Amino acid sequence: MYYWRTDLRLDSLERRFLSQYHISKVYCRYFDVVMTDDGPMPNATITFTDTLPAGVEMVPTVYITEDCMHQRHDSLAAQLVRRILQMNETNDIRSVRELQIDCDYTARSRQRYYDFLKEVKSQLATLHPSCAPSVTSVLRPSAPFTLSTTIRLHQLSMTPPPVDYGVLMVYNTGDPRRFTERNPVLDMRDVAPYLRYLADYSLPMGAAYPVFLWQRTIAGVSVEHPVSADEILRVKQTLEQRRPELSRLILTYHLDKENILRYQPDTYEAIYHH
Amino acid sequence: MKRFIIISLLWAVSLPLLACAWPATHNYYLFSPCANDEFNERMNKLTSDNWQAYIGSTAEYYYFDADEVIAAARKKNDALMVSYVEQLQRYLACADEKRNERWEYPTKAQLAKRTQTLKSVRAYAQGKLRTRLRSQHALLYMRCNMMLGLHQKNVDFYQQTASKFIESVYRDMMENIYAGALLKTGRSIEAADIFARQGDWQSLMTQFYKRRSYDAIRQEYLRDPDSAVLPFLLKDFVNNAQEAVDGDDVMPGKLFVRNIQQKEAMQMCQLATQVVQQRKSQHLAMWQSAKAWLQFLFGKRQQAARDILEAVGMSGTERMQDNVRVLMLYITAAESPASQRLDDFLATELAWLDTKVGTDDRFYRNALDRLVHQVLAQKYERQPLRAVSILRAADSQYYDTYVDTMQVGRLQQYIDYLSAPATTALDGYLKPRQKADMQALNDLVGTKYMRLCQWQQAQQWLAKVPLTYYNNKGYAVYAANRRYTIEPWVTRQWLKEGMEYSDRKWQLKSNPKLVFAAEMQKMEGELSILSGQARQQRCYDLAVRYAQASFTGDCWFLMRDGKSWGDSVRVNEVCLADKALALLATASLSADAALKERALFAMSYGGLYQQKWYNERWDAKTYDAFREPNPASRNYKAFAALADFERTTSKTVSLYVSRCDEYRQFLKHYHHF
C-alpha cells in the first residue's frame, strides 16, 4: 500500500486496516524531487511522527518530477540514496531493503531516467559496512537491495527500465481537462489501448489501484472524482486476464482513513484477492 | 524596447475586444462581510516598522537584519536588546535550517543540537519575562516551544502569563501561536475563533479545508450563532457559488458543478432565512445579504432585489453594512431599467463607492470594476455617450477601445458633452471624472474621418493637434522613417535592426496624418478632371497610398495606434485595401503595357486580401504544411490575370515580376503552365 502524506502518523483504523488485509509492505513517500533554479531539490519531506506496525516493511519511495530528467545531473543518484539512508538512520527506521522511484518519464526523458536508475542501483550495490558504518544498522548488507519503479500505462510501449520490478500505476489514466467525459482517475476505456502491451512487457510487475477521491478546484469550484468499486474491479480483472502475474503484488493508493471508509470491506477483499 | 512594449501592450489589451465587446468576466467577488486583512502580512508590516523605527532607518522597504539591529543596540548601550536579538538569531537559524533542509537531511546529532539550541534559547527567554522587553522574550519563548512540539506548555503559558501582557504586535503573534497550540491539542473550536478574529485566513482555511459546505456552516451556526468563523466560511461558500455561475460559459462541465452548487446554495438561502427569523445572530445583515446575492447568482433576481433591500439597516459590523450597500448598488443597477430614477440612484451610490475606492482594501475598487463592466456597460449600450463617460469615470481599460471604435459623430457629441454644464445628478457625478485629453480626442476624431476617407473633415480636426503629440506617440519611429508613396508590392519598408527598439526620440517635421489627408484630398479632387492615361496613372498612385495606409501597409500608423498580425478592418472604417483594388482595376485597363503590368502585379499582392490564393493545409504523412490552390479566391484570380497577361504580352516580363517568389510559386500551381 502507498502512504503519500507528509507526516507518518497512523490512527487506529489505519493500523487495523493494515493488519486486517495482511499488508506486509508500505511504500512510503519520503520526499519529492523537483526541478529548481539550483537543480533538482527535495521537496515536501515526510515527518516521522509515528512508526509502522511491527512486521510491516517500509519501502522508501521518492517521486521525481519529469523535468528533472531533461538533463543529466551527475550527483543526483548518490544524493538521493544518501538522503534516504540518512532519513532511515535519523528516524530509526530499520530493515529497509528496497527503494522505489516514481517518475512520469516520457520518450524525451526515458534514457536519462534509465541511466539515473542504473546509478541508483549501483549506489545501492556499493553500500558496504566498512564504508558506510552509519547505515549498517538500517540495511541488511547480506541481502541485495531491491530497486523498483512505477510504470504508467503509456510507458508500457517503451523498453522496460533497468530495475528489479515495476508497479503498474492503474490510476490517473485520463485527461484531467476532459473530466466531463471520463473519470480522469480511472476509466476502462482509457486503459484498453494499453492492454496489448501487457503480456510481453519484459519486467516483473505488480499493479497499483486507486482508492482515493480526487478533489480539485476548477475555477474556484470544488470538483470530486470518485472511482466506483465496480470500475476498479473490472479493470483489475481485465489486467490480470492479460497478465496473471499482476495479482501477485497488489497495491492501493493510498493509505488514509477516508479512503478506507470509502469502500466496503468486500471491495478491499476483492482488490487484494490473489 | 520601451516603444515596442508599449505597442505590444496596446494590442494585447485591445485585440480580444475587437472580436467581442466584453470578453473578460470581471467576476470579482462581491460578497465580502469581512476585510481581506491577511494576518501574516499585517504582522510582518508591524514588526518590520518596529525594527525600522528602532534603528532609525528611512529606507522605503525595510527587511529585518539582525546584525544591523545589534549594531544599533550597541550604539544605544541597549544590552538587553543585544542579547535578545542574538538569541532571536539563534532561534531563526534553527527555523531556517528546518525550512531549508535540502539534500543534507539532519543527523540525529544535528537534530539533538537543534533541540539543545532551542531549549537554551527558550531558557534564556523564560528568564527575561520580567524585563522591559518581556513581550519580545515571551514570543521567543513560545516560538521555541512551538518548534519543540511543546504545545501544551504554550497553551498554559499564554493563558496564565502572555495573555495578560499589554496589547502589541508581539502579543498578537503569541495569541496566534497559542491558537495553533490549541489546534494541536484538540481544542479546534477555540483555535478557529482566534484565527477568525485575527483574520488569519490561511490557518482557517487549513483547518476548515474539508469543512466548507452548507452542512459545516449550519453546524457552526447551531454551535454558536455568532461564531467568529462564520463570516469567513460564509464568504468562502458564497464566492465559491459565484465562481460556479460566473464560469458557466468559460469552463466546459461547469453546469454539472453548478447544479450541485445550486442545490446547496438554495439550502444556504433557507438557512439564512431561518437565521434572520431567529434573530440569535448579531450579524443579520451578513446572512440576509448572502441570501440576496445567492438568489441573484442563481437567477432569482427580483427576489434578490427585495432581499437586499431588507438587509439595509439590519445588524452587523460596519463592513457587513458596507457590503450590503455594495450589493444593493449592484443588484439594483442590474435589475432596474434605465431611467432618471436609476441615474439619480447611481449618482448617489457611485459617489459613496468612490469614497471607499481610494482605500487599501481592493474590495471596493473591484466592486466598481464589476459593476461598470458587467452591468452599466450593457445597461447603457444604447446610450454610447453615457457608456463612454462611465467607462472613463471608472478608469476602465476598455475606454480607449470604446472611443476608438465608436462612430465619429458620437465621439464629437462626447467632446461637446465634456464642455457642457451638467444637467442631471449622474452627469454631475460623471463630468468631473472625465479627465479628457483634448489632443488625443481631436486626433481621434480626425483619424476617424481618415478611416472614412473624408479628408476635408479630417484635416479640420487634425490641424488642432500639435506636432509634439505625434512625436510622443509609439509609432513616431515608423512615421519618421516610412513613406506612403512607395509601392508596397515592390518594396517593403523594413526598419534597420534595432531602430524600432531604440529609445531615440523622433522629431517629425510635420503632422503625418494631416499631410496625408491633404494630399489625398487634392489627388482625389483632381481625379474627376483627369482622363485616359493620366487618370489611370493617378488611380495607380492613389492605390499605392490606400494600400500603404491600410492595416497591412507599412504606413498603418496613419489610421491606428498599433499593429498586429491578427488585425482586420474595424467597425466604422472603410476597407482601404478594397479601395486600392478598385483603383488598380481601373489602372490595369491602361493601354500602356508597363502600367498595366504594374497594376496587375499590384492586384496580386497578398496584403490586399484576407483570403490568399491558396489554403494552408497539413499533410499528416509528411508532417509538413502545404499550399492548396484556391481558384475561387480573388487573390488567385488576380494572379491568374497577371500570369495570363505575361503569357500573352509581347513585352518581356519585368524583373520585379519574374523575381517575385510568390508569383513563381503560383505559376507552379497554375494549370495553364
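Let's start in chain A, where the charged end of A:R83 sits over the ring of A:F31, 4.6 Å from the ring's centre. Keep in mind as you look around that this is a predicted model.

From charges over rings, let's move to rings with rings. Searching the whole structure turns up 49 aromatic pairs over all chains. One of them is A:Y21 with A:Y268, a tilted pair with 5.8 Å centre to centre and 45 degrees between the planes. Where do A:Y21 and A:Y268 lie in chain A? A:Y21 is in the loop between α1 (12-20) and β2 (25-36), while A:Y268 belongs to helix α8 (residues 265-272), so this pair ties together parts that are 247 residues apart in sequence. Are the two tyrosines buried or exposed? A:Y21 has a relative accessible area of 10%, and because buried means under 20%, A:Y21 counts as buried. A:Y268 is buried too, at 1%.

Now hop over to chain B and find B:F639 and B:Y663. Their rings are stacked, 6.3 Å centre to centre, with 20 degrees between the planes. The planes are under 30 degrees apart, which is why the pair counts as stacked. B:F639 sits in helix α31 (residues 634-648) and B:Y663 in helix α33 (residues 661-669), so the pair ties together parts that are 24 residues apart in sequence. Both B:F639 and B:Y663 are buried.

While you're in chain B, have a look at B:R545, which is found in helix α28 (residues 532-549). This arginine counts as buried, with 10% relative accessibility. What does B:R545 touch, leaving out residues up to four places away in sequence? Its contacts are B:Y484, B:T485, B:F516, B:E519, B:M520 and B:M523.

Finally, step back and take in chain B as a whole. It has 33 helices and two strands, and of its 673 residues, 50% count as buried. If you take the contacts between residues at least 6 apart in sequence, 65% of them join residues at least 24 apart. As for the surface, chain B exposes about 32900 Å², and carbon and sulfur atoms supply 51% of that.

Note on methods. Residues numbered from 1 in each chain as written. Chains lettered and ligands numbered in written order. Predicted model: local features only at pLDDT ≥ 70, side-chain atom pairs only at ≥ 80, totals over all residues. Heavy atoms only, no water. Phe/Tyr/Trp six-rings, centres within 6.5 Å; stacked < 30°, edge-to-face > 60°. Helix = DSSP H or I, 4+ residues; strand = E, 2+ residues; numbered from the N terminus. Buried < 20%, exposed > 50% of the residue type's maximum accessible area, 1.4 Å probe, protein only. Lys NZ or Arg CZ within 6 Å of the ring centre and 35° of its normal. Contact = heavy atoms within 4.5 Å. Areas by Shrake-Rupley, 256 points an atom, 1.4 Å probe, with all protein chains shown as cover.
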